[in-house]
Amino acid sequence: VFTYRKSTDLNSGLVQRRKTPMYIKVTLIWHAFIIFLKVLPVVDEASPSSASSFEMLDMESVPAPHQEVQPHWFFCRRADDNTSWLPFSREDSDKLQNACNTVGEKKEEVVVAVDGERYDVYVKERRRHAVYWEQGPTEVRRCTWFYKGDKDTRFMPYPEDFSKSLEAYMIAVTLDEWNRKLEFPTGETVILHNPKLIMQYQPIGLQDEWASSPSEQTRPRTVKRGVDNISVEIPDGEPEKVDHLVFMVHGIGPACDLRFRSIIQCVNDFRSASLSLLASHYKRAQQDGQVGRVEFLPVNWHSSLHGDATGVDEDIQRITLPSISKLRHFTNDTLLDLFFYNSPTYCQTIVDTVASEINRLHTLFNQRHPEFKGAVSVVGHSLGSLILFDLLTNQRTDSDPRKGVPSDEPFHRNCDTLEQTLTRLGLQQYLETLQAENLDLESLALCQDSDLKDLGIPLGPRKKILNYVKRKWLPEDCKTGAVGLAPGLQVLPQVNSDPDGNQSLGLTMQQPQFHRAQSITSAVDYEYFDVGIGQVSIEYPQLAFHPQTFFAFGSPIGMFLTVRGLKQVDPNYTFPTCKSFYNIYHPYDPVAYRIEPMIVSDVDLEPMLIPHHKGRKRMHLELKDSLTRMSMDLKNNVLGSLRTAWQSFARLPVAEAESSGSAEEMEQPEIKVGMLNGGRRIDYVLQEKPIESFNEYLFAIQSHLCYWESEDTALLLLKEIYDKLGVAFEQPQQ
């Protein structure tokens, strides 16, 4: 039993003695017996027999018993050619381990929701599946052993089978015998030098073919046991309670930032930033249980537009020139989205996709969070903000007699008679004239202005009849082939003229909405434009909820409204189902435009400066303001001295009047900026970073893509959300 086997060390060439398996078993039993004696209670401390039995054993020479390693669960993330393993939070890891302990007792698969219930882990399958978006399954591991190569930046987990084999480490610990060699069928060798130094050596055939020298080929890996012995940042778990739900719609192209990351990855960063800000700016409320978290979910419409269903990519590729292929591919995949949105065909696809995806996510979220009673908001970046603006403009309230329909169901249009239509327009006196010509709604929609003029109908009624009939939603059997009117701003069009001769195509009577300048292009047929906002006339689906707030990031809404021919947004206008609107932009963003000047045109308002998330203005901006104030004070002091000297010389009693007048000028009345945001300010500008202020052109593109990683933007959203929930904001101490 107590024999040895000879073996040769591959590294040193020395002959070493290896103990047989039988020797190891007997030794383990002997040590276990010693430990058993150590923990027996001593019945009689004065007993010679018991004392003599313990005198035969040197208890200090017995090594510490082997401790079971605490596993931690990791998931794999593959990006391009890089593979990394990231840990679950301790809460999620414990849930997975508990499920793993019971999985052997069940025949069916065990599914555990992780990462705020945005992913499901199939424990038997060892796969992690996304819940809300399309993403391939990723591998998960129950990890106990880790390794790091000489050039690796982080420890990587071993496969579970390999980790079980490495648990032969317990023999060395129990026997306190080190410099042991573990050989594996793959040719890899692990040497247990001591409890803190374990190395793995790979066979020459498995080495990297790019290794430049034999010394690099033989560089070992560092091996560690247990997640507590490696440098890894384990994320904090997310609160289970969700206070608010936010849907985020991306802009043009499949990539959302300069690192060409998808909307899913960018929203993940924004969510992480919000969790960090909640912990720092709502710390007391979190401790009191008032605050849970805000869930952010991405809305992806680009893949549907460029997928096989539309076939648009194949059509575009057939007419694309072969030169500068990468630039043309970027143009086709990104910039063309702007033109697609202005096409009635593809605009319908985009709007349907956004609305149906939001409704699908909303339904799925409520199924997984049946206890959720919070409100819902929407965020749009770049073109995504314009899509949401048009969608929200065309929503219907609960009081609208035509109830909203889900985005995946067809909308059945009304077919009013000619008499009902004329009565609604207040033009019933022309009913007999039209009936004398056997005109119904279908034939009336085919008439031109000259046709009605020949019937003796004046200009005003002619325009009312033609605009209403052509924009009215007709059933399929009454449709003339023209694109119908979006079922949003369903009030009668009314053309007014101001003293300057500009026409304003408002939305009538009680609530005029938008004002359109007179078009200088007479060939434009406004049959294809929606009432008020100048958008192509399509069928707008209805959302399954009323958004609380609409946040626009880097938005071109103002530019598009102007290009559509709108000079002014009526101050009384508000979205039918959304009462709050924020236009957030970076000062150097080349795509962003303001909204407030279209509402309050007679006052030059500076945008609201978004505070830094640490509660201060950036230092370079403070310095700039200080220098500006200093120069103004110096200028005012010089002018004031000259004015005082002149008044003393001329002895004119005007000082009091001038001082009172200037004091009145200093007191600016509070301005109400329309009703889009409930009378509050709409335009909010971020503070540029010091390095960005050196060259605004150099950072222009980055400025348009900075919102996903902006903590200042995330804090503004959180403050708006929790202010409405009545939760106090806490500014952390510097």
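Is Glu167 buried or exposed? I looked it up: Glu167 counts as buried, at 19% relative accessibility. The cut-offs are under 20% relative accessible area for buried, over 50% for exposed, and partly exposed in between, with a 1.4 Å probe and protein chains only.

Ground rules before I go on. This is a predicted model, where local features need pLDDT of at least 70 and side-chain atom pairs count only at pLDDT 80 or more, while totals for chains, interfaces and linings use all residues. Residues are numbered from 1 along each chain as its sequence is written, and side-chain values use heavy atoms, with hydrogens and water left out.

**Entry: salt bridges**

I searched the whole structure and got 25 salt bridges. A salt bridge here is a side-chain nitrogen of Lys or Arg within 4 Å of a carboxyl oxygen of Asp or Glu.

I started with the partner of Glu167, which is Arg225; their closest N and O atoms are 3.1 Å apart. This pair ties together distant parts of the chain, 58 residues apart: Arg225 sits in strand E14 (residues 221-225), and Glu167 in the loop between helix H4 (160-166) and helix H5 (169-175). Helices (H or I, at least four residues) and strands (E, at least two) are DSSP runs, numbered from the N terminus. Arg225 also counts as buried, at 14%.

Next I checked Glu139 with Arg141, where the closest N and O atoms are 3.2 Å apart. Glu139 is partly exposed at 23%, whereas Arg141 is buried at 13%.

Then I took Glu596 and Arg594, with 2.8 Å between the closest N and O atoms. Here Glu596 is buried, with a relative accessible area of 1%, and Arg594 is partly exposed at 23%.

I also found a network of salt bridges linking Arg118, Glu238, Arg271, Arg293 and Glu295.

**Entry: helix H3**

H3 covers residues 90-103, 14 residues in total, and spans 20 Å from first C-alpha to last, close to the 20 Å expected at 1.5 Å a residue. That expected span is 1.5 Å times one less than the number of residues.

Which H3 residues are buried? I listed Asp92, Ser93, Leu96, Gln97, Ala99, Cys100 and Val103. Down the helix axis they fall within an arc of 165°, so they line one face of H3. The arc is taken from the directions from the axis to the C-beta atoms.

What do they pack against? I noted strands E3 (72-79), E5 (111-114), E6 (119-122) and E8 (138-143), counting contact as heavy atoms within 4.5 Å.
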